Amino acid sequence: MEFLDKLVLPQSAEHIKLLHYILTLVLALFVPFISVVFGGTFSSIYFLKRFKKTENPFYIKFSKELIENLTVNPGVGIILGLIPLLTAILIFVQLLHTSLIQTVSFLILSFVFVLAALVLIYIYRYSITSVKLNDSDNNKNENSLSISNSLYLKSNYGKIGLILLFVGIWFYVAAITSATNFSSWSFTGVITSLAAPKVLLNFLIFIVFAFALSNAAFLFIHLYWKRREKTSDSDYTKFMKDICSKAGLRASLPLPVLIAINVFSFSETTLSGSIFIYSVVSILLIFLSYHLFYMILNKNEYKFGSLIFFILIFGWVALIIKDQKAMTNATEYHSLVLSTDYDKMLAELKGEGTIAVLNGKEIYDVRCASCHKFDQKFVGPAHFDVLPKYEGKEGQLIAYIKNPVKVDPAYPPMPNPGLTPPEVDAVVKYLLEEYNKHKK
Ligand code: HEC
């Protein structure tokens, strides 16, 4: 993917922030849509099978309506499915500029799979919606005969589409997981990345959420949006709302636990208050959805059909924002390097000649301040206590930070901060400046 890397320029700090906002927005379109398509296609194929077995005409009607309503039409598939994913790829290329890890490659693979999957799923959709249904019972046998020949074959398109979508979502989840764990992620191969425990957990959350949301979406469309068309057929309404609210409730039950495990799996440097808060918000919304699913199922409160859909969408969006926060934290240092490159480029463009030096304080704040303070002990010793021994020995200090060795038995060893030589120079310059100020 290096050709992509060559296309982008370093970003200013403001620009990087903006990119994170746009990314949140496009993913808030893509993720709910793709999950509804996934859940809808799965259920449609499943109920088509049930129809084949039981010949209950409700099943074929349900199967047909599911795929018809939840995939909307190919135009929507492009606008909510493909364009946001393509936009996300371009944004990731910019955000992870010069250190692409595999995030971008995974997203591109995801795009290819999702594209192929949507083509097949829409073929399936049009073959099933073109079947004329005859609801009256005496025509039942004739009806099912005319369906069986053509349709069951076409449902294979749906099945293959579903499998491709499954793989596409898996790659998508692996891409996002690698970006949100940027600082602690090392690429060990496609298979091992896909099978990494964090990726599997996030994938599970995605699939389970997809089932909860697609059932809520169908309740919304049927009970709220199209409620006037359906008043005539209350048996069918009861049939579908039983299935959807039961399935939705079951799917959403494990979500809070899964989300909680996900939060605690973030590394300490990545975890922040806002990640925690967005996860809690999402969990609370899911609790609320339990209640609404239950009211629809047992109390026949159909008016909640619309509310439950939006509650779950907000729950999903809270999780997406959480991932963006995690990514912002995990790539903080990388963003700093990018914006420093940008400042440097700007200085050259302006003809200021002097190449802007790396800002030692900024590097220090990100890479050292989590363990050190100048005037008191923290994880490591206070700088003002140790710096006197390095006076006039700048080279030794540089060597130490490039490759820390064990010094004081009272402290744990200092991990290698992994800075480039110019970065080490900048940090050391900053340390000594502060030390000299302090001495005066
Ligand atoms: C994960 C925590 C951690 C980080 C991050 C960290 N340090 Fe340290 N640092 C330590 C610990 C612990 C010691 C004490 C090590 C020892 O005495 O063996 C130490 C010791 C030092 C010393 C004293 C060495 C001596 O000769 O006594 C200096 C100077 C120092 N760190 C600078 C830095 C700078 C600059 C950075 C950022 C680039 C940094 N540290 C990042 C934990 C950290």
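Tutor: Let's start with confidence: pLDDT is the predictor's own confidence in each residue, on a scale from 0 to 100. The model is predicted, so local features need pLDDT of at least 70 and side-chain atom pairs count only at pLDDT 80 or more, while totals for chains, interfaces and linings use all residues. Numbering starts from 1 along each chain, following the sequence as written. Helices are DSSP runs of H or I with at least four residues, strands are E runs of at least two, and both are numbered from the N terminus.

On that scale the chain averages a pLDDT of 85, with 88% of the residues at 70 or above. A contact here means two C-beta atoms, placed from the backbone, within 7 Å. Where pLDDT is low, the predicted coordinates should not be read in detail.

As for the fold, the chain has 17 helices and zero strands. Of the contacts between residues at least 6 apart in sequence, 78% join residues at least 24 apart. Buried residues make up 38% of the 440 in the chain. Buried means 20 or more other C-beta atoms within 10 Å of the residue's own, exposed means 12 or fewer, and partly exposed is in between, again with C-beta atoms placed from the backbone.

Now the close look: helix 2 against helix 12. Helix 2 (residues 13-54) and helix 12 (residues 304-330) pack at about 145°, their axes 10 Å apart. Those axes are lines fitted to C-alpha atoms, for helices over the stretch in contact, and the angle runs from 0 to 180 degrees between N-to-C directions. Helix 2 passes helix 12 in a right-handed crossing; that label applies if the near helix is turned clockwise from the far one by less than a right angle, left-handed if anticlockwise. From helix 2, the residues that meet helix 12 are His20, Leu23, Thr24, Leu27, Ala28, Val31 and Pro32, and they face Ile313, Trp316, Val317, Ile320, Ile321, Gln324 and Thr328. By class, that contact has ten nonpolar, four polar and no charged residues. Here Ala, Val, Leu, Ile, Met, Phe, Trp, Tyr, Cys and Pro count as nonpolar, Asp, Glu, Lys and Arg as charged, and the others, Gly among them, as polar.

Serine 306 lies in helix 12, and it counts as partly exposed because 17 other C-beta atoms lie within 10 Å. Leaving out residues up to four places away in sequence, serine 306 touches Phe220 and Tyr224. The C-alpha atoms of serine 306 and tyrosine 224 are 5.9 Å apart, though 82 residues separate them along the chain. Lysine 325 comes up as well: its C-alpha is 8.9 Å from that of leucine 271, 54 residues away along the chain. Leucine 271 sits in the loop between helix 10 and helix 11 (273-299), and is partly exposed because it has 16 C-beta neighbours inside 10 Å.
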